[in-house]
Amino acid sequence: MNRILIHSARLAGRTSVTSSDPSGWALLQDGALVELGTGERWTRRVSPGTEVVDAGGDLLAPAFVDIHCHGGGGSAFEDADGLDTVRSTHRAHGTGTLVASLVTNPLPALRQAVARLGAATADGRIAGIHLEGPCLSPGQRGAHHPDHLLAPSVAVLEPLLEAGGGAIVQVTLAPEMDAGLAATRFLVENGVKVAVGHTEADYATTRAAFDAGASLLTHTFNAMPGLHHRNPGPVAAALDDGRVVLELIADGVHVHDPLIRLLFTQAPGRVALVTDAMAAAGFGDGTYQLGELAVEVRDSVARLAAGGSIAGSTLTMDAAVRRAVAAGVPLDEAVKAATIVPARALGLGHGAGLLEPGAPAPVLLCPDGSLRRVFARL
Ligand SMILES: [Zn+2]
């Protein structure tokens, strides 16, 4: 049996409030967190063969929760045999709870992928499915195939929900299109979280979508109108609404650092760091597929081969936390944005985003947010 005792740590996310007490300890057995405490009692938990880790006041945080991820390690969730590669790649970077995002594709292909990932949700390898498309605005499609975009409707979405057997936890859609608000209400009634994204909606329409039950903004600032003082748009509508969680890709490419920091100050406790990672994350530069579209990755920046739109990221959650901290976000806030905030936004169970027995194995972070050690079994 593999036993690890970590002591002299600050414990984050235990009751969703970060502790400043550096006497925290945790006992892990075979990669599972079995006991937590503060003070000196940990010495009694050390038995022959126990690995003892002195955290030296560093932060022991819940495993990261990534609610927007398309791939990594050279594979994507669209690949029939890609799931375990994507999962282990992100696990090595601290992610313990992963929602699989699917890009826009023809409906039969999408249904097939949803059914396959539904099975992986049922056996606990992923926490659910996020449909990013096909109900997106052609004018803000980013790296989604224009031929396969569809206006939001119950007719499009209902068969997909059925194929997932309850595994679809999030749908990104453009609420300004045809039946966007009706589709939002339909999804929410069926227990699916709706994210406004890839949208041309103005402030009022975005507000109406939130009133209809939408509760997230997909990769804030990207694939939507920007903030304008006479036309405030979806970003202002989300900032203005305490019910809404704002996804953020903190990689220094998608959003400028000062805006990373500003978003955290303007929406405290409501920013969720996401990777939006595609296959090249944790793998390297080269040519990849995103759905049916070719993507060139150069210097870790992914762009469509045709047109040059940013096509997802090569980010991992540990790098997102580090970037947010470097941009001026306090470490504790960045950690919440990578754990409890996204977990709550989607209502994920199984200890997602928490530091407690039964939750995914925690991570140890340096004061600058960089990952010191992953305790999950890789
Ligand atoms: Zn997107």
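Let's start with the largest nonpolar core. A nonpolar core here is a set of buried Ala, Val, Leu, Ile, Met, Phe, Trp, Tyr and Cys residues joined through side-chain atoms within 4.5 Å. Buried means under 20% relative accessible area, exposed over 50%, partly exposed in between, with a 1.4 Å probe and protein chains only. The largest such core has 106 residues, and Phe77 and Leu273 touch the most other members. Helix α8, residues 317-326, gives the most to this core, with six residues. Both domain 1 (3-57) and domain 2 (64-345) supply at least three residues each. There is also a second, separate core of 13 residues, which includes Ala280, Leu293, Val297 and Ala302.

A word on the basis. This is a predicted model; local features need pLDDT of at least 70, side-chain atom pairs count only at pLDDT 80 or more, and totals for chains, interfaces and linings use all residues. Residues are numbered from 1 along each chain as its sequence is written, and side-chain values use heavy atoms, with hydrogens and water left out. Helices (H or I, at least four residues) and strands (E, at least two) are DSSP runs, numbered from the N terminus.

Now the domains. The bounds come from an automatic or database domain assignment. That assignment divides the chain into domain 1 (3-57) and domain 2 (64-345). Their centres, taken over C-alpha atoms, are separated by 33 Å. At the contact, four residues of domain 1 meet six residues of domain 2. Contact means heavy atoms within 4.5 Å.

Next, the sheet. What is the strand order? It runs β6-β9-β10-β11-β12-β13-β14-β15, an open sheet of eight strands with parallel pairing. Two strands pair if DSSP finds at least two bridges between them. At the edges stand β6 (64-69) and β15 (271-273); each has a single partner strand, so one side of each is left without a neighbour in the sheet.

Take β9 and β10. β9 covers residues 95-102, β10 covers residues 128-132, and the two pair in the parallel sense over four bridges. Ala100 has Ile129 of β10 as its bridge partner. Helix α2, residues 107-122, packs on the sheet and touches β9, β10 and β11 (168-173). The direction of α2 makes about 155° with that of β10. Axes are lines fitted to C-alpha atoms, for helices over the stretch in contact, and angles run from 0 to 180 degrees between N-to-C directions. Helix α8 packs on the sheet too, touching β6, β9 and β15, and its direction makes about 100° with that of β6.

Stay with α8. Seven of its 10 residues are buried, so α8 is largely enclosed by the rest of the structure. The buried residues are Met317, Asp318, Ala319, Ala320, Val321, Ala324 and Val325. They pack against β6, β9, α7, β15, α9 (331-338) and β20 (371-374). After α8 comes Gly328, with a positive phi near 110°.

Over to β14, residues 245-248. Which way do the residues point? Val245 and Glu247 go one way, Leu246 and Leu248 the other, and all are buried. Strand β13 (residues 216-217) pairs with β14 in the parallel sense over two bridges. Leu217 has Leu246 of β14 as its bridge partner. The chain goes from β13 through helix α6 (residues 233-239) to β14, a right-handed β-α-β crossover. Right-handed means that, with the strands pointing away from the viewer, the path from the first strand over the helix to the second runs clockwise. On the other pairing, β14 and β15 are parallel over three bridges. There, Leu246 stands opposite Val271 in β15. The chain crosses from β14 through helix α7 (residues 257-266) to β15, and this crossover is right-handed.

Gly133 and Pro134 are joined by a cis peptide bond, with omega about 10°. Pro134 sits in the loop between β10 and α3 (154-164). His198, not a glycine, has a positive phi of about 45°. His198 is in the loop between β12 (193-196) and α5 (203-211), and counts as buried at 4% relative accessibility. Phe221 has a positive phi near 85°, again in a residue other than glycine. Its place is the loop between β13 and α6, and at 18% relative accessibility Phe221 counts as buried.
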